[in-house]
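User: I'm new to this one. Can you walk me through it?

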4 protein chains.
Amino acid sequence: MKLSFNTWVYSGFPVWVPSYPLEDVIKRLARIGYDAIEIGAAAPHAFPDYLSPQRRQEIRHVLDGEGIAVSSMLPAPGGGAGYNVASPDAPERSAAIEMYKKVTDLCSEWGAPTLLYVAGWQVFGTGRPQALDWTTAALAEIADYAAAAGISVAVEPTSADSNLIDSCDDVIALMDAVNRPNVGAMFDTYHTLYRNEVPSDYVYRLGKRLRHIHLADANREPPGSGVVDYVSLIQSLRDVGYEGYLTMEIGFNRRNVEPDDMARRAYAYLRSIL
Amino acid sequence: MKLSFNTWVYSGFPVWVPSYPLEDVIKRLARIGYDAIEIGAAAPHAFPDYLSPQRRQEIRHVLDGEGIAVSSMLPAPGGGAGYNVASPDAPERSAAIEMYKKVTDLCSEWGAPTLLYVAGWQVFGTGRPQALDWTTAALAEIADYAAAAGISVAVEPTSADSNLIDSCDDVIALMDAVNRPNVGAMFDTYHTLYRNEVPSDYVYRLGKRLRHIHLADANREPPGSGVVDYVSLIQSLRDVGYEGYLTMEIGFNRRNVEPDDMARRAYAYLRSIL
Amino acid sequence: MKLSFNTWVYSGFPVWVPSYPLEDVIKRLARIGYDAIEIGAAAPHAFPDYLSPQRRQEIRHVLDGEGIAVSSMLPAPGGGAGYNVASPDAPERSAAIEMYKKVTDLCSEWGAPTLLYVAGWQVFGTGRPQALDWTTAALAEIADYAAAAGISVAVEPTSADSNLIDSCDDVIALMDAVNRPNVGAMFDTYHTLYRNEVPSDYVYRLGKRLRHIHLADANREPPGSGVVDYVSLIQSLRDVGYEGYLTMEIGFNRRNVEPDDMARRAYAYLRSIL
Amino acid sequence: MKLSFNTWVYSGFPVWVPSYPLEDVIKRLARIGYDAIEIGAAAPHAFPDYLSPQRRQEIRHVLDGEGIAVSSMLPAPGGGAGYNVASPDAPERSAAIEMYKKVTDLCSEWGAPTLLYVAGWQVFGTGRPQALDWTTAALAEIADYAAAAGISVAVEPTSADSNLIDSCDDVIALMDAVNRPNVGAMFDTYHTLYRNEVPSDYVYRLGKRLRHIHLADANREPPGSGVVDYVSLIQSLRDVGYEGYLTMEIGFNRRNVEPDDMARRAYAYLRSIL
């Protein structure tokens, strides 16, 4: 199983510092041993509007030079622009869909096979059926755009942060509603922990529809330092023949972290149990 | 002294939920008794690109109808777009300056006398002198734009989140460097706490250059529930003849809050000591 | 990389007890295995005014007899005399400079290649530019005195205790301002932790200007017992070709410690990762 | 009963910041309502060697102008110079006695009736009888010098910090050994707490030999915020006809305090129970 590392902890999102240029991050993760990098579309790394064609090529060259793949990409939700696909504000919904398309373009240019999808959240006054309609429509439009580029979309339940697609059943219902072959599911062990769900339950229930996984322990600590049972999780992934990446999404929720330390500890622990 | 309340805790920034439409927030704060509202430029409230001319007028009518002023406005830093005026990425710096101008326009339309300025942060590899040059240039350009609309700019040291303008001296040096009559200073008791600084020291040192204040206790709790000495702070403000607002910026750092409860507790405590 | 141990925890500064004569401390550290000792200029060890020529020779003989080097020396700031080089009180500034010169003399007599420099702190009412002028002038005078004896000066950012030279950029700016070839930088992992800075960032930014390092974990615990990432730090030091000492400055902030235990645990951990 | 406030928390000893000029401290304490100030002989306030005749007069004028008395003075032990009257190092013992005489001179000039005496501490290798001999000799010499100026000496057991004069019996034995009419005792509720002693026991045992008191709660918090029973203490003082000051010695053990807040809270609580 291949290991990937998400860039938030090295970026200005959501915590401003510490923050490193993307070239530095790619080189550090390659040196630690990661097979791939998950690039979040946030400054100073990869906010699409800031990336000229030359800059996109430069990053591509650094990736190739280090021999590290891009496992996946995702927008940064919750800043000024929100990017809530279930917002009651129509301009925000349009901007969110537009952002997903721009990140899909980056996936194409940097060779990432998978785009992650956060299904939005309900603002006070918006009923659940209405919010589900909006996120379903958004996902359908994004999935079709991604399909044209040969890219898969993985829907992530985000119970710790949101109130719309929060459970394994929620994500299955949304996949069924949108019904596109390039739409699958993912989950994050930090979010399953928030709802006291068992990660391997997700694996067995989703089976081949599982396209991606985020690993993080309580308080976004590296795997192995907290309470999540990664040994059972790995076993379940082998049982269903999972072929995707194990991606660490850790440490980004606070300022007092050393990103390299996060990356190194997670890598060492995962290698020790694989 | 007049009391104001910042909207983050009611918005999708930086925590996605709970989140309320701006009309709701205005009405709730007016009912609790606040003299004014500080509107953060984030979805679903006031991200400038999402606000049509009609929508801007609607909000103006709600404000007028409730008899509540807008004390101040500010962009939302740290999302995907970053808006770091000291970023090594030139497109990000330009976008940040553009965002401050758009928020200045909103200040004009909604009658806010003050725009808050966050001076950015250093990304690894950017030296302090370079970062200071960038933030000084950005502030000068923004201040001139604001001056044309009769709006003041208040620079905020943000030590808990950043690494550039972190102290009272830092903000004085930046004001001196930019040297514009409509540029003043502000401070936030949450940030002074992070550096173990004494709030009244800021007041005495800044004197008439002090234009705005954010009140928050440890962990962004309401004033009166933590460790900050608000009695000494109020005394120092009276000593220097402060005429601005006392603005609560609280509760927005976590999901498990009830925004109205935050607003009500802060209001009650401040009224009890004024 | 060579290991050294600072004497504060064995001295009467700043905590009065436990306290040991300097001969005892030298012998104990040599026996544990340290390559060197960092001698703080405090009673009952090495307050310069108390040391007769004979006493200085006696200590030299003990050092030679044990085969242990003196890595570095430093004054004890913050007692009655303060020794704040940025004090608004001119006699205090003069006394501080005088103290640094006396410690330089001790460096010569005991063979220490490096004098550590604490850049002082701002007393209320002293602006940052004035404080920086004072510390720059003091450092220049001290550096010239030290240069005549072939001794280097390492400037230490002390964010946990002070409010003047607190960050990597601050120390770079001060080195640039004083512009002497025998002036370099150092940092202490306890202070970087206070500001949530990443130690290896200091190493990469300072490169050959890095002359000394203090190791201590949260609450001045020995390395390996807390949260600091020493593996990344050692890696970065190898990357830049660091040739100085790794000096433990631990346990001195409280009474309930056993100094030998501190020294032994730090030594064992560092040896295990080198 | 009259209230006084010790200056450490406003000084650079032992924690460097926050720090205020002595004029500021005198004015702030007078405004809060204190009858007197206890001035510690530390920078930037009152390190004797730094005070010119003019400066001493200036301070005297500020004191007179504010109508506030000086209740007492004391040296700052434990910095580089140590000032341990029981040190095995003869030059340190001499310097300590000299320092007490210099502070006695300041008492005369500023009208303080009482000099506080810390009896030192045992360094490893010094037996208790030897240490007691040294502190007795030092106290005798200092007391005679003070007597000539009409000043009393109050010996303070300091169990939390030292290992020589730690209990009520220890201080009685030292008073008896030195046998001078101008030598009395004091105690600090923070130190009695460290040894789980009852403050009113000290009062009843010492009776008329009690000359001074330091009030502080656990962790040097202001009286009223911790665990010490001040109501019983005040009762015992009335029972024995105590005529001295109640002096707050609080907040100085850490950086994250607001000195005015400390002073105000202690004052309000004491006034409420007197």
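User: Let's start with one residue. Is Arg254(B) buried or exposed?
Analyst: Keep in mind that this is a predicted model. Arg254(B) counts as buried, because its relative accessible area is 16%, and the cut-off for buried is under 20%.

User: Where is Arg254(B) found in chain B?
Analyst: In a loop. The loop runs between β8 (245-248) and α9 (259-273) of chain B.

User: Which side chain does the side chain of Arg254(B) make a polar contact with?
Analyst: That of Glu221(B), at 2.8 Å. The side chain of Asn253(B) is also joined to that of Arg254(B) by a polar contact, of 2.8 Å.

User: And which residues is Arg254(B) in contact with, leaving aside neighbours within four places in sequence?
Analyst: Val15(B), Asn219(B), Arg220(B), Glu221(B) and Met262(B).

User: New topic: chains B and D. What rotation superposes chain B on chain D?
Analyst: A rotation of 90 degrees, with 0.3 Å of shift along the axis. The RMSD is 0.1 Å. That is the relation of a four-fold axis.

User: Which C-alpha of chain B is nearest the axis?
Analyst: The C-alpha of Ser225(B), 11 Å from the axis.

User: How many residues of chain B are in contact with chain D?
Analyst: 13 residues of chain B, against 12 of chain D. The two chains bury about 970 Å² between them, and carbon and sulfur atoms account for 39% of that. In chain B, Asn196(B), Val198(B) and Asp229(B) lose the most area to chain D. Together they give 45% of what that side buries.

User: How many salt bridges are there between chain B and chain D?
Analyst: The count is 2. One pairs Arg264(D) with Asp229(B), with the closest N and O atoms 3.8 Å apart.

User: Now chains A and B. How many residues are in contact there?
Analyst: 41 of chain A with 41 of chain B. The area buried between them is about 3200 Å², 63% of it from carbon and sulfur atoms.

User: How many salt bridges across the interface of chain A and chain B?
Analyst: The rule finds 0. Polar contacts number 14 residue pairs, both residues at pLDDT 80 or more.

User: What kinds of residues make up the side of chain A that touches chain B?
Analyst: 24 nonpolar, 11 polar and 6 charged.

Note on methods: Residues are numbered from 1 along each chain as its sequence is written. Chains are lettered from A and ligands numbered from 1 in the order in which they are written. This is a predicted model: local features need pLDDT of at least 70, side-chain atom pairs count only at pLDDT 80 or more; totals for chains, interfaces and linings use all residues. Side-chain values use heavy atoms; hydrogens and water are left out. Contact means heavy atoms within 4.5 Å. Buried area is the accessible area (1.4 Å probe) that two parts lose on being put together, summed over both. A salt bridge is a side-chain nitrogen of Lys or Arg within 4 Å of a carboxyl oxygen of Asp or Glu. A polar contact is a pair of N or O atoms within 3.5 Å; within protein, one must be able to donate a hydrogen and the other to accept it, and residues adjacent in sequence count only if both atoms are side-chain atoms. Ala, Val, Leu, Ile, Met, Phe, Trp, Tyr, Cys and Pro count as nonpolar, Asp, Glu, Lys and Arg as charged, and the others, Gly among them, as polar. Copies are superposed by least squares on the C-alpha atoms of residues with pLDDT of at least 70 in both. Helices (H or I, at least four residues) and strands (E, at least two) are DSSP runs, numbered from the N terminus. Buried means under 20% relative accessible area, exposed over 50%, partly exposed in between (1.4 Å probe, protein chains only).
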